[in-house]
Amino acid sequence: MTGTVVDSRPSLLRRLRDRVGLVALAYLVLCAAVLVWAVVTIATDDSGEAMALIFPLLVTAPGSLVVFVLPEHGSMFFASLVLGAAVNAAIISWCTSVLRRGRPDPES
């Protein structure tokens, strides 16, 4: 024994990829990238007329459209984006797992 402890647990990214799948993980990364781009665009725009926050709403639709029934607050907007992205990632994960299984052979 050398006295070192080896952590046999997979990393967080590996566990997330194994749980939701690579396609859903890529979708979540895309959502995060679009959100970061929109927030940077809004923060650097001094005219006050930027509509960049529409794009993250569209990327995470239809789940994020719950923002229209939530109280008007900035945190509710971001909460609806997280909800929409999570719902869409779960649907993408389910679809890819069904497609990966394939169809049963009709002759068997």
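This is a predicted model: local features need pLDDT of at least 70, side-chain atom pairs count only at pLDDT 80 or more; totals for chains, interfaces and linings use all residues.
Is T60 buried or exposed? At 3% relative accessibility, T60 counts as buried. Buried means under 20% relative accessible area, exposed over 50%, and partly exposed in between, with a 1.4 Å probe and protein chains only.

Residues are numbered from 1 along each chain as its sequence is written, and side-chain values use heavy atoms, with hydrogens and water left out.

**Figure 1. The protein chain has four helices and zero strands.** Along the sequence the pattern is α-α-α-α. Helices (H or I, at least four residues) and strands (E, at least two) are DSSP runs, numbered from the N terminus. Of the 108 residues, 22% are buried. The accessible surface comes to about 8400 Å². Carbon and sulfur atoms hold 68% of that surface. Areas come from the Shrake-Rupley method with a 1.4 Å probe; for residues, only the protein chains shown count as cover. Among contacts with a separation of 6 or more, 48% join residues 24 or more positions apart. Contact means heavy atoms within 4.5 Å.

**Figure 2. T60 sits in the loop between α3 and α4.** A polar atom of the T60 side chain lies 2.8 Å from the backbone oxygen of P56. Beyond residues up to four places away in sequence, T60 touches Y27, C31, L81, G84, A85 and N88. P62 belongs to the loop between α3 and α4. The peptide bond from A61 to P62 is cis, with omega near 5°.

Figure 3. N88 counts as buried because its relative accessibility is 11%. Its side chain reaches the backbone oxygen of T60 at 3.2 Å. A second polar contact, of 2.9 Å, joins the side chains of N88 and Y27. A polar contact is a pair of N or O atoms within 3.5 Å; within protein, one must be able to donate a hydrogen and the other to accept it, and residues adjacent in sequence count only if both atoms are side-chain atoms. N88 and A24 are 64 residues apart in sequence, yet their C-alpha atoms are 8.2 Å apart.

**Figure 4. V23 lies in helix α2, residues 22-44.** V23 counts as partly exposed, at 49% relative accessibility. V23 is in contact with I92 and T96, leaving aside neighbours within four places in sequence. V23 and S93 are 70 residues apart in sequence. In space they are 7.3 Å apart, C-alpha to C-alpha.

**Figure 5. The largest pocket has a volume of about 160 Å³.** Its lining is L53, I54, L57, V67, F68, L70, P71, E72, H73, M76 and F77. The elements giving two or more residues to this lining are α3 (54-59) and α4 (74-101). By class, the lining has nine nonpolar, one polar and one charged residues. Ala, Val, Leu, Ile, Met, Phe, Trp, Tyr, Cys and Pro count as nonpolar, Asp, Glu, Lys and Arg as charged, and the others, Gly among them, as polar. On a 1 Å grid over the protein atoms alone, a pocket is an open set of points where a 1.4 Å probe fits, with protein on both sides within 12 Å along at least five of seven lines; lining residues have an atom within 4 Å of a point. Grid points are joined across faces, edges and corners, and a volume is the space filled by probe spheres set on the points.

**Figure 6. F68, one of the pocket-lining residues, is in the loop between α3 and α4.** F68 is exposed, with a relative accessible area of 63%. F68 and S80 are 12 residues apart in sequence and 9.3 Å apart in space, C-alpha to C-alpha.
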